[in-house]
Amino acid sequence: MLDVTSLTKTYDTFDFGPVDLTVDDEVLSILGPSGSGKTTLLSLIAGILDPDGGAISLNGEHLDGRPLQERRTGLVFQDGALFPHMTARENIGYAATDRERIAEFASLLEIADVLDRRPPTLSGGEQQRVALARTLAADPDLLLLDEPLASLDAPIRRRLRRELHTLFTSLEIPVIYVTHDQRTATALGDRTAIFRDGAIEQVGSPMAVINRPTTRFVARFTGNENLFEATVVEQREDTTLLRVSNVRLQATAAAAAGTGVTLCIHPSRVQMHAPSGSDDLHCENTASGTIDQWLNEGDEYRVEVALDDAPITLTTTIRPSSFDQLPLEAGSSVRVTIPPDAIHLIK
Ligand code: ADP
Ligand code: MG
């Protein structure tokens, strides 16, 4: 178990920490904007940087002040830093404790075909995977990964997310995986920490940071674009009546009457329908609106709908397969529904 307590570091223009963090034998994914201190955290834990204050221990032993080579920490940065004059195989074998596993890691990381080539002849993505294999082969007690797959194409990154989660779990060591790709953070992490301005803003299960963000920053960062200030009108037994501008909404989440809350709805939970069909017109949390703009993002469409009777624009995502049934043009009339359980409240 990795234990980080009150860790701080001050640069001229940036204050890191204090950060408190515990990582069991699990994968903690770290997500945060550029410049939020993710690399600084890994560098402090690895011993590349000296902290100004705080303590770091691994399995009960203090790491502070220990030389790098004694920390048994595997560290992979985005730019692999391989030995250019050695082949990929020699690089991986350089610090390997168990040479038999080299072939296994090479096959899992899909680099078996390039093992006899030298790094300058490899693509960026291949170099990253060789660097990862080299680190894994050294059998570390702690694994720190800083965007190790950033140069990979989408299909292989998707395959590796699945493989790596299984592999990391089998190592039974703390693994910290820094990424700015939310899908990777969600797929690989047992837990996810969101970094902001040198501190952890929220840590929890990947689904918790997406579905139950505790701050507007986390909400935005995890794709919850629909954020509105609301007033709690009434708290009933199992529903909360909310007012946003002149729109009334029912939510299952509880909040005290009379208080102000931020309403947070993930675009994937906003349903969009054709304007016809009067049968379910009175369905709760349904309003008519007009498509303001839309964007084709390949696997989904992101559509902004301006409500007809309120100064509110809702963002929704829909799959291309449900697309044919809808008029999808700026200016088209549609209806949108927000299921009561899709409304998360930030207090
Ligand atoms: P991230 O990895 O999240 O993008 P970093 O940890 O690399 O962020 O950097 C956090 C902040 O610290 C940035 O504002 C960066 O400019 C600053 N910083 C990083 N390293 C140094 C350094 N050696 N000297 C001064 N400032 C630094
Ligand atoms: Mg970084």
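An oxygen atom of ligand 1 sits 3.0 Å from a polar backbone atom of G37, a polar contact (a pair of N or O atoms within 3.5 Å; within protein, one must be able to donate a hydrogen and the other to accept it, and residues adjacent in sequence count only if both atoms are side-chain atoms). This is a predicted model, in which local features need pLDDT of at least 70 and side-chain atom pairs count only at pLDDT 80 or more, while totals for chains, interfaces and linings use all residues; side-chain values use heavy atoms, with hydrogens and water left out. Residues are numbered from 1 along each chain as its sequence is written, and chains are lettered from A and ligands numbered from 1 in the order in which they are written.

**Around ligand 1**

- A polar side-chain atom of K38 lies 2.8 Å from an oxygen atom of ligand 1, and an N or O atom in the side chain of T40 is 2.6 Å from an oxygen atom of the ligand.
- On its own, ligand 1 has 560 Å² of accessible area, and the protein covers 59% of that (areas come from the Shrake-Rupley method with a 1.4 Å probe; for residues, only the protein chains shown count as cover).
- The residues surrounding ligand 1 include Y11, F14, P33 and S34, where being near means having a heavy atom within 4 Å.

- Strands here are DSSP runs (E, at least two residues), numbered from the N terminus, and two of them pair if DSSP finds at least two bridges between them.
- Strand β12 (residues 240-244) is largely enclosed by the rest of the structure, because four of its five residues are buried (under 20% relative accessible area, with a 1.4 Å probe and protein chains only).
- Four bridges join β12 to strand β11 (residues 226-235), and the two run antiparallel.
- β11 and β12 form a hairpin with four residues between them.
- Five bridges link β12 to strand β13 (residues 247-251), again antiparallel.
- The hairpin of β12 and β13 has two residues between the strands, and S245 in the turn has a positive phi of about 55°.
- L242 is the bridge partner of V232, and L242 also stands opposite L249 in β13.

**A buried alanine in a loop**

- A342 lies in the loop between β19 (333-337) and β20 (344-346).
- A342 is buried, with a relative accessible area of 7%.
- Leaving aside neighbours within four places in sequence, A342 is in contact (heavy atoms within 4.5 Å) with C264, I265 and R269.
- The C-alpha atoms of A342 and L263 are 10.0 Å apart, and the two residues are 79 residues apart along the chain.

Technical notes. Buried < 20%, exposed > 50% of the residue type's maximum accessible area, 1.4 Å probe, protein only.
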